[in-house]
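Please keep the sequence and the model in view while reading.

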Amino acid sequence: MKPRLIAHVDMDAFYASVEQHDHPEYRGRAVIVGGTGKRSVVCAASYEARRFGVHSAMPMYAARRHCPDGIYLPVRMRRYREISSQVFECLQTFTTAIERLSLDEAFLDLSDAAQEPEALTIGRDIKQRIHACTGLTASVGLGPNMLVAKIASDRCKPDGLLHVPTQRVREMLDPLPVTSLWGIGPRSGAQLERHAIRSVRDLRLAPQPLIQALFGNQARLLQALASGHDERSVAESAAERSVSQETTFEEDLADPRMLLQALRPLTQGLCASLKRAELLPHTLVLKLRTADYRRHTRQQRFAPADNSLPVLWRLAENLLQGWLSENPGKPLRLIGIGARDFADSQQLPLFQDRFSRDRELDATAKSLRARFGEHALQRGMPRGLD
Ligand SMILES: [Mg+2]
């Protein structure tokens, strides 16, 4: 199997950094973003505030006690979402294989974009591009899998860049506490502690039957993680996904009229699926495979985002005619049409409900993570461990 290159990108003290960026007078000062109600908690604290012991999910009254001179600001979710879409637009220029974990955090599968020796170069590019378009810093961790990339970005915060090449993975993981691994929360950590298993190395070398007795069918997975193996793949999130329809001809086809005729129902099908999924694309992609099995694509970006048949059909027709005029008479064995670069949900009235639910989820996830550790709410983690 081809070695993978995965990045974990995490904006530094995101909400607080946005406030410091928008209000230069707050830069270098302790900024605390959170709710205003009686039982509110801190949603984000600038690094200056963290020095006073303020951290996310801490009750606001406690934060005020730790840091009475801090600047306390309400949550401006709309603004954070705006910056978040800019960040994700930057990320999309590197790959479409992006798994969004929250407004300010994502995994990227860069395996097609770069190889291990170029990891630091592409990591630096990602940081520079984000900084150029938002003025904010991100930390980027890179490694052969998601586990390693995530731990790497945690260790280099803030404004960091760290690549852990395959042959250094064990060295990096071994001394860490077992609770650094996904799926091992405080409870499993305490359970392991009773058997003197404290570090990742301890878990890696622990007798398999013991781990089996403690964790049942998750044992194998946990020991694999402890050895630095993580097979999970970056699950493209809705916003980054592409939707497409294609058809392979029984016999290669070169007649422009028949090709247009074949493209029409595909475009109709595409519009129908976009409408069902409530997605508005910004980019239409024509996919072709010539008789020699080569793949060709032509794409067109457009604004505003749209999923109506008249608009998409006109674009699809233009793309195909453009290709046909450059490649007259070339027989095709496959034709397809796809859409991607979906508009951010907040721009759609249709999404209003989902948007507010997202907002709550984001806030809850953030506070849970802060309270129970980063792995409290990771997708794809083994279940039933904590
Ligand atoms: Mg962050």
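Helix α12 (residues 256–276) lies across β9, β10 and β12 (332–342) and runs at about 160 degrees to β9. Here axes are lines fitted to C-alpha atoms, for helices over the stretch in contact, and angles run from 0 to 180 degrees between N-to-C directions. Helices (H or I, at least four residues) and strands (E, at least two) are DSSP runs, numbered from the N terminus.

The model is predicted: local features need pLDDT of at least 70, side-chain atom pairs count only at pLDDT 80 or more, and totals for chains, interfaces and linings use all residues. Residues are numbered from 1 along each chain as its sequence is written.

**The sheet and its helices**
- Strands of a sheet pair through backbone hydrogen bonds, either parallel or antiparallel.
- The open sheet has 4 strands in the order β9-β12-β10-β11, with antiparallel pairing; two strands pair if DSSP finds at least two bridges between them.
- At the edges are β9 (243–253) and β11 (295–301), each of which pairs on one side only.
- From one strand to the next, the twist averages 15 degrees.
- Strand β10 (residues 281–290) is joined to β11 by 7 bridges, and Val285 stands opposite Gln299 in β11.
- Helix α13 (residues 309–326) lies across β10, β11 and β12, at about 35 degrees to β10.

**A helix pair**
- Helix α4 (residues 77–92) packs against helix α5 (residues 119–134) at an angle of about 145 degrees, their axes being 9 Å apart.
- Ile83, Gln86, Val87 and Cys90 of α4 meet Arg129, Ile130, Cys133 and Thr134 of α5; residues are in contact if their C-beta atoms, placed from the backbone, lie within 7 Å.
- The residues of this contact divide into 5 nonpolar, 2 polar and 1 charged, where Ala, Val, Leu, Ile, Met, Phe, Trp, Tyr, Cys and Pro count as nonpolar, Asp, Glu, Lys and Arg as charged, and the others, Gly among them, as polar.

- Of the 386 residues, 36% count as buried, that is, with 20 or more other C-beta atoms within 10 Å of their own C-beta, placed from the backbone.
- The protein has 14 helices and 12 strands.

Notes:
Buried ≥ 20, exposed ≤ 12 C-beta atoms within 10 Å, placed from the backbone. Contact = placed C-beta atoms within 7 Å.
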